[in-house]
Amino acid sequence: MLAVMQITERCDLRCHYCYLPPASARDMPLALALRTIDRLVDIARSQKVKDPVSICFHGGEPTLVLARVARVMAYARRRGINDFIIATNGAGLDRKMVDYIVANRISIIMSVDGVAPAHDHQRVFPDGRGSWRLVDRALDLLSEHADSWAAGLRRNPFRFRVTLTPASSVFLARTVRYLAAKPLARHGYITLVPGNYPGARWPEYKELLKLFRGQVEEIKGLFRECDLAGQPRPRVCLNECLGAASTSLGYLTATQAEPFCGPGEQVMGVSIDGRIYACHLRAVNCQEKDNDLYCVGTVQKGLSQPLQDGLFTVLGRNPKCSCLYWNARESGLPETPVRASAALYEAWCS
Ligand code: SF4
């Protein structure tokens with residue numbers, strides 16, 4: 001069971017598609033974070049969860065509160081949890097932090113939106129400077145340890161998360177080639193996530209399909225080059241919400257892709273104020289208007305059966321709900337109202 005915990009809302013970046021209120025300085029109180037660990041242990045026991053509990057520290061930017069993260073991890077280890085992930089923007093990862101991550105066997109999910117023009121278009125500091133140069137350096141620092149780091153972990157130590165926007169999608173093939181060249185790519189996945197944020201002006205479906213088909217053809221060319229050279233293909237997953245799509249793409253790339261999401265099944269999210277959500281994306285994004293629908297309990301009181309029943313009843317009746325995974329699972333792919341995800345999926349599979 002993977003629990004995504006929003007440990008802070010602070011962030012040193014101001015990405016154009018950010019889901020948080022700008023310049024928020026809220027942290028999850030330490031007492032609440034520790035209580036969250038207790039609650040997760042209880043839930044795993046009471047629901048007889050087979051897989052060990054994993055914690056993903058999310059933000060904001062968790063490395064800004066690394067001392068707090070370290071205290072929560074130490075407590076979690078005492079409660080039998082030993083698998084940790086930090087979701088980071090990478091901009092502040094220096095050698096000391098990288099050494100800490102590797103020594104403590106922590107996995108990393110890093111948001112890297114691609115080559116410099118793609119990344120710097122949208123992942124910026126408050127003064128508008130792009131963060132690519134720092135992120136690229138962090139990738140190289142982590143790459144220095146790639147093999148030994150991977151050897152100490154039961155999961156892949158690394159995942160690149162690439163948020164695609166209308167502006168960055170034209171760089172998709174260059175982006176995959178760039179990330180695949182990093183030694184870290186041998187030990188992880190490149191996950192492509194169309195950013196379906198308010199204000200995203202995606203072209204019409206036909207135009208999008210043409211764009212993604214062109215990019216995907218180039219990526220398949222990279223796969224052929226790898227095959228000819230006798231090297232493994234880079235592992236690419238599509239949109240983390242579309243578990244079924246990831247599986248299909250895993251087939252396409254002849255690798256084992258991990259469906260990441262599963263509302264109320266494999267994944268849950270805990271928000272900064274201790275609300276438990278069936279969908280991890282809802283836990284970190286407090287601005288979605290139908291968030292309440294996904295709330296299934298609180299750290300203080302535990303899971304609520306009526307809330308859980310309500311979620312599944314409502315979603316089951318509403319095939320156009322905004323949960324991509326639910327749409328995918330219930331209706332076959334790609335029945336989703338989000339055309340960028342659908343077009344990317346169709347381009348991969350055609
Ligand atoms: S790194 Fe994440 S939390 Fe920070 S500004 Fe970007 S999207 Fe928002």
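Alanine 23 sits in the loop between strand S1 (2–6) and helix H1 (30–46), and its phi is near 60 degrees, a positive value in a residue other than glycine. Alanine 23 counts as exposed because it has 10 C-beta neighbours inside 10 Å. (Buried takes 20 or more other C-beta atoms within 10 Å of a residue's own, exposed takes 12 or fewer, and partly exposed is in between, with C-beta atoms placed from the backbone.) Keep in mind that this is a predicted model: local features need pLDDT of at least 70, side-chain atom pairs count only at pLDDT 80 or more, and totals for chains, interfaces and linings use all residues. Residue numbers start from 1 along each chain as its sequence is written.

**Another positive phi**
- Arginine 105 has phi near 55 degrees, also a positive value in a residue other than glycine.
- Its loop runs between helix H3 (95–103) and strand S4 (106–111).
- Arginine 105 is partly exposed, since 15 other C-beta atoms lie within 10 Å.

**Around the ligand**
- The ligand is surrounded by Cys11, Leu13, Arg14, Cys15, Cys18, Leu20, Gly59, Gly60, Glu61 and Asn89; a residue is near a molecule if its C-beta atom, placed from the backbone, lies within 6 Å of it.
- By class, that shell has five nonpolar, three polar and two charged residues (Ala, Val, Leu, Ile, Met, Phe, Trp, Tyr, Cys and Pro count as nonpolar, Asp, Glu, Lys and Arg as charged, and the others, Gly among them, as polar).
- Glycine 59 and glycine 60 are joined by a cis peptide bond, with omega about 10 degrees.
- Glycine 60 is in the loop between strand S2 (54–58) and helix H2 (66–78).

**H1 against H2**
- The axes of H1 and H2 come within 10 Å and cross at roughly 30 degrees (axes are lines fitted to C-alpha atoms, for helices over the stretch in contact, and angles run from 0 to 180 degrees between N-to-C directions).
- That makes H1 roughly parallel to H2, a term for angles under 35 degrees.
- The contact is made by Leu30, Ala33, Leu34 and Ile37 of H1 and Arg68, Arg71, Val72, Tyr75 and Ala76 of H2; contact means C-beta atoms, placed from the backbone, within 7 Å.
- By class, this contact has seven nonpolar, no polar and two charged residues.

**The whole chain**
- The protein chain has 13 helices and eleven strands; these are DSSP runs numbered from the N terminus, with helices (H or I) of at least four residues and strands (E) of at least two.
- Buried residues make up 47% of the 350 residues in the protein chain.

Definitions and conventions
Parallel < 35°, antiparallel > 145°, perpendicular 65-115°, else oblique. Contact = placed C-beta atoms within 7 Å.
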